[in-house]
Amino acid sequence: MRVPCILKTAARSFILPAASGSVHQTRVLCPCLITRKMASRRQTDHIERTASNYRQNTLYTAQVCGIVNESETVKRLRLAVPPDFSFKAGQWVDFFIPGMEKVGGFSICSSPGLLRREGVIELAVKYAKHPPAHWIHTQCTVDSHVAMRVGGDFYFDPLPSDPCVDLLLVAGGVGINPLYSILLHAADLLRLNHPHPGRGYQIGSTHLCYSAKNTQELLFKNTIVDVCQEFPEKVSCNFHVTEQTGQDDQQTGQVDQKLQAYMQRGRISEEELRQHVNPQSTLCFLCGPPPMIESISQTLLELGMPSNRILFEKWW
């Protein structure tokens, strides 16, 4: 569902002092540290746990211009932003709510192409008692105003002259958000090159492994399938459901008919990963619960993937 956006009041931007970690450095897997970091992971504030990440220096005001229920527990916000707002596929925003001390941190799930075409971005936020997420689910309305600042070292933003890579995207639950942005960006790159080969970056293949409890928790599934069908030789995906019940099958039977060719029961397997990795050409992006990231990254290393070609969103 697309909601037309009209920004009724002019958005302003504010220049902030440079944030710590302002030097861009892509985060990659460090096998010697990942187990210890995940085992000791504690609940911390978004600003604290991303203090070393890159951040833009500008805080932008934005207006909510669309709200849809992406699932029973996830709301998708569409926000109109100023003309000079920019981000890279996979990045997140610091989310400032008027009158609220806590700052939210949400990955952008839309593509940079949508921003260029329509001047909007989208966030998909799961219900939680954490104040920013709770506000989105209980108080946010169309025309609400917020402020946002873009940050993050986890992104895919190739230059036209960069070497061609194949993408392996591995998502668990709401960890799909930044990877969906990357998938949409890959589709935009394919569309750009379709009528004019050689005009932009030459992207290779893209495969998405997406795991959730049941089909109702698979976000963006219809659009993902549409992209796979638009580029059958370039884009593929497997949806994995780990706790699907007979009742779930009855409730989502109509949806499952469209997804049937893409559905698998059970967790993401080593064999599936093996089919979609090449140590020389594949770039892996992982986002999901820390135990899942640890398991998948270890499997990729055992399959011969160099650690510097395994990137993950470690704070999700």
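Predicted model: local features only at pLDDT ≥ 70, side-chain atom pairs only at ≥ 80, totals over all residues.
Let me start with helix 5 and helix 6, which are roughly parallel to each other, because an angle under 35 degrees counts as roughly parallel. Helix 5 covers residues 176-193 and helix 6 covers residues 221-230, and the two pack at an angle of about 30° with their axes 11 Å apart, the axes being lines fitted to C-alpha atoms over the stretch in contact, with angles running from 0 to 180 degrees between N-to-C directions.

Residues are numbered from 1 along each chain as its sequence is written, and side-chain values use heavy atoms, with hydrogens and water left out.

Coming back to the pair, the contact (heavy atoms within 4.5 Å) is made by Tyr 180, Leu 183, Leu 184, Ala 187 and Arg 191 on helix 5, and by Thr 223, Ile 224, Val 227 and Glu 230 on helix 6. An α-helix has 3.6 residues a turn, so residues three or four places apart point the same way.

Now to helix 4, residues 131-138, where Pro 132, Ala 133, Trp 135, Ile 136 and His 137 are buried, meaning under 20% relative accessible area with a 1.4 Å probe, protein chains only. These buried residues of helix 4 pack against several strands, among them strand 3 (74-80) and strand 7 (145-151).

For the whole protein chain, there are 10 helices and 13 strands, taken as DSSP runs (H or I of at least four residues for helices, E of at least two for strands) numbered from the N terminus. Of the 316 residues in the protein chain, 53% are buried.

How values were computed: Parallel < 35°, antiparallel > 145°, perpendicular 65-115°, else oblique. Buried < 20%, exposed > 50% of the residue type's maximum accessible area, 1.4 Å probe, protein only.
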